[in-house]
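Welcome! Please take a look at the structure below before reading on.

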Amino acid sequence: MNIIVCIKQVPNTTDVRIDPVTNTLIRDGVESVINPFDAYAIEEAVRLKERCGGKVTALTMGPPQAENALKEAISLGCDEGILVSDRKFAGSDTWATSYTLAAAIKKIGDYDVILCGKQASDGDTAQVGPGISAHLDIPQVTYVKKIREIDEKTAKVERMTEEGYDVVETPLPCLLTVVKEINTPRMPSLKGLMRAKAAKPLKWTADDLEADPAALGLDGSPTRVVKIFTPETRKGGELISGSSAEVAKELAELLKGEVI
Amino acid sequence: MDYLLTEQQTMIRDLARKIAQEKIKPVAAHYDETEEFAWPIMKILADSDLFGVYLPEQYGGLGGGIMDMCLVTEELSRACGGIALGYAGTGLGTLPILLHGSEEQKKKYLPDIAKGKRLAAFCLTEAEAGSDAGAMRTSARKEGDKYILNGTKQWITNAGEAEIYTVIAITDKTKGIRGASAFIVEKGAKGMEFGKKEKKMGIRASATREVIFTDCEIPAANLISKEGMGFIVALKTLDTSRPGVASQAVGIAQGALDCALDYSRTRVQFGQPISSFQAIQHMLADMATQLEAARALTYATARMSDSGAKAMSKDSAMSKLFASEMAMKVTTDAVQIMGGYGYMRDYPAEKFMRDAKITQIYEGTSQIQRNVIAANLIKETLKK
Ligand SMILES: Cc1cc2nc3c(=O)[nH]c(=O)nc-3n(C[C@H](O)[C@H](O)[C@H](O)COP(=O)(O)OP(=O)(O)OC[C@H]3O[C@@H](n4cnc5c(N)ncnc54)[C@H](O)[C@@H]3O)c2cc1C
């Protein structure tokens, strides 16, 4: 089984700061890490390989230093890494990003399952995974929390919903985006780290892909950012204390006062 | 301080640190409270290849040495000295095979140990034979192609959990300590049983039990080295492993210092963080300095061992003595800096203090280390 896992390098959210003037992330001096949701996709990809045999290719689009994310993925059990990197990709929105990644996946060619994290912690759109499947014209299941059964032809998975989960059967090849309930990512191994150190991820530029130049980067991105602002933080609620009866009474009074 | 680790050692230390901080630290109090053996953590250490750092590559290890084992033990102990002992105790049980085992024995046992598939334990102490290990009574009698073991080993770390036991027993009573021999006993051998789990002051996540042999039969091929070599095997093992206890002590002390330092910066009394009081600052400075001195001595000893040094009983004893005494002092001071909160189980400081105490006792008490050091000092002057 050939598995592709799409990952993104993001600023470590534990030390994110927002530029008060531009309202965008300050990326300078912030450590880059693999998008936390992608860690579950990597783990699931490696587990799939352990279950069915085959190979896991980690794919990322990003600046040259995104190579480190691929090496980390290799230390966690992925076999190969491919970095798609070119100045021409700069400014890509989710449409152009998924178009570019889909072009890279077409170039890889032989694949059965594509795994993505449910969303990236910096953009939070959750659009790139589904976008890739649309560009490739293959089925997708989002928010997967369990791969119940899988063979060369079909996969039966559990898709998380707010109330519970749906069981979805899909033919392969397909794209799955996964939620953190799906597994507990493993720690790297020393042998994996050594393999990662020696690994040389492939590097593809725009010229290596069969892609329409007009569909890449900022020019290929239909999204226009109108305004970025920090939403007002929610004010703390009011705490009512006392005996249950008193509390209930006061709450009822307060509610009566409100126009519901 | 920069100890000029190799790239591989840096990788090992960083991975051990990551596992300790992310996986062990959050569960340390749980295992201390329940005294359960932390199998889920052992599994993580195994899958990360950490059990093999000091074992040769031809047996599935990573080809490092005692220094590498010390780096792992230190980092794990910084989160929990008890869980770290599941790892370090396996190292202790493995050393007799690594140092004195035959090629067949190494091929048979080391690969599983390197993978972390099987833990090991070292059985020397008995009820009447602690510091005076020569007073042991456990016997091994040869019968055809078998040895029959009888006797009870006491306070054996990893007993019951481990699958590979290296055991020192008397094969010839008439020869005193020259009549001792070392054996490998696998869990499940007929006539091998375990006593109940001891309830301890500290390192409570570590399993300590009796190992009881009643006409326990093992293949004669499980003799390590030759008959009569048991004491030499034990002493060489301890000379090699003591820097490991030292690194456990360094890790425990570091954990306590981390905790006290953090606390001192947030605890406000008299309108200021207590870290602004010179009395607290000087305590922190002394703790950090003693800790670094112990770490330097431990690493120097481990590296000396890895360089193939033959006679290193004195150096090895010094590292264990200095580091364990330091750990007791530093952990006690950490509790002091934290005042009443330090004494409460809500904070890990008191656990570090309880865990530190064992490092002054096992693998030879501090008194015994001083005996070893002094005996060697005197021997050296006689040679001149
Ligand atoms: C938690 C734990 C785990 C252990 N794990 C193992 C293990 O895995 N394998 C194993 O074989 N053993 C193990 N031991 C045993 C340990 O090594 C012994 O407890 C230790 O060597 C001391 O022996 P003892 O307890 O009998 O003390 P004793 O020998 O009875 O000593 C009592 C006191 O007398 C002092 N003393 C004794 N002789 C002298 C002397 N000649 N000069 C000056 N002072 C002296 C000692 O320093 C000590 O203060 C473990 C012990 C504990 C508590």
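Predicted model: local features only at pLDDT ≥ 70, side-chain atom pairs only at ≥ 80, totals over all residues.

Residues are numbered from 1 along each chain as its sequence is written, chains are lettered from A and ligands numbered from 1 in the order in which they are written, and side-chain values use heavy atoms, with hydrogens and water left out.

**The ligand and its surroundings**

- The shell around the ligand holds 19 residues, and the closest are B:Thr125, B:Ser131, B:Trp155, B:Thr365 and B:Gln367; a residue is near the ligand if one of its heavy atoms lies within 4 Å of it.
- Sorted by class, this shell has ten nonpolar, seven polar and two charged residues. Here Ala, Val, Leu, Ile, Met, Phe, Trp, Tyr, Cys and Pro count as nonpolar, Asp, Glu, Lys and Arg as charged, and the others, Gly among them, as polar.
- A backbone N or O atom of B:Leu124 lies 2.9 Å from a ligand oxygen atom, and for B:Glu363 the corresponding distance to a ligand oxygen atom is 3.5 Å. B:Asn371 has a polar side-chain atom 3.3 Å from a nitrogen atom of the ligand. Such a polar contact is a pair of N or O atoms within 3.5 Å.
- Taken alone the ligand exposes 970 Å², and the protein buries 65% of that (accessible areas come from the Shrake-Rupley method with a 1.4 Å probe).
- In chain B, strand E1 (120-123), strand E3 (146-157) and helix H11 (366-383) each give two or more residues to the shell. Helices (H or I, at least four residues) and strands (E, at least two) are DSSP runs, numbered from the N terminus.
- Why does the ligand lie between domain 2 (121-228) and domain 3 (231-383) of chain B? Both domains give residues to the shell around the ligand, so it lies between them; the domain bounds come from an automatic or database assignment.

**Cavities**

- Rolling a probe the size of a water molecule over the atoms shows where empty space is left. On a 1 Å grid over the protein atoms alone, a cavity is a set of points where a 1.4 Å probe fits but cannot get out, and lining residues have an atom within 4 Å of a point.
- There are two cavities of 30 Å³ or more, with grid points joined across faces, edges and corners and a volume taken as the space filled by probe spheres set on the points.
- The largest cavity has a volume of about 80 Å³, and its lining includes B:Met69, B:Leu92, B:Tyr362 and B:Glu363.
- H7(B) gives the largest share of that lining, four residues.
- Domain 1 (7-118) and domain 3 (231-383) of chain B both contribute to this lining, so the largest cavity lies between them.
- The second largest cavity holds about 30 Å³ of space and is lined by A:Ala39, A:Ile42, A:Glu43, A:Leu76, A:Pro185 and A:Arg186.

**Backbone details**

- Most residues other than glycine have a negative phi, and most peptide bonds are trans.
- A:Leu172 and A:Pro173 are joined by a cis peptide bond, with omega about -5 degrees. A:Pro173 sits in the loop between strand E9 (165-171) and strand E10 (174-178) of chain A.
- B:Asp49 is not a glycine, yet its phi is positive, about 75 degrees. B:Asp49 lies in the loop between helix H3 (39-47) and H4 of chain B.

Definitions and conventions:
Polar contact = N/O pair within 3.5 Å; in protein donor to acceptor, adjacent residues only side chain to side chain. 1 Å grid on protein atoms, 1.4 Å probe; cavity = no way out; pocket = protein on both sides within 12 Å on 5 of 7 lines; lining within 4 Å.
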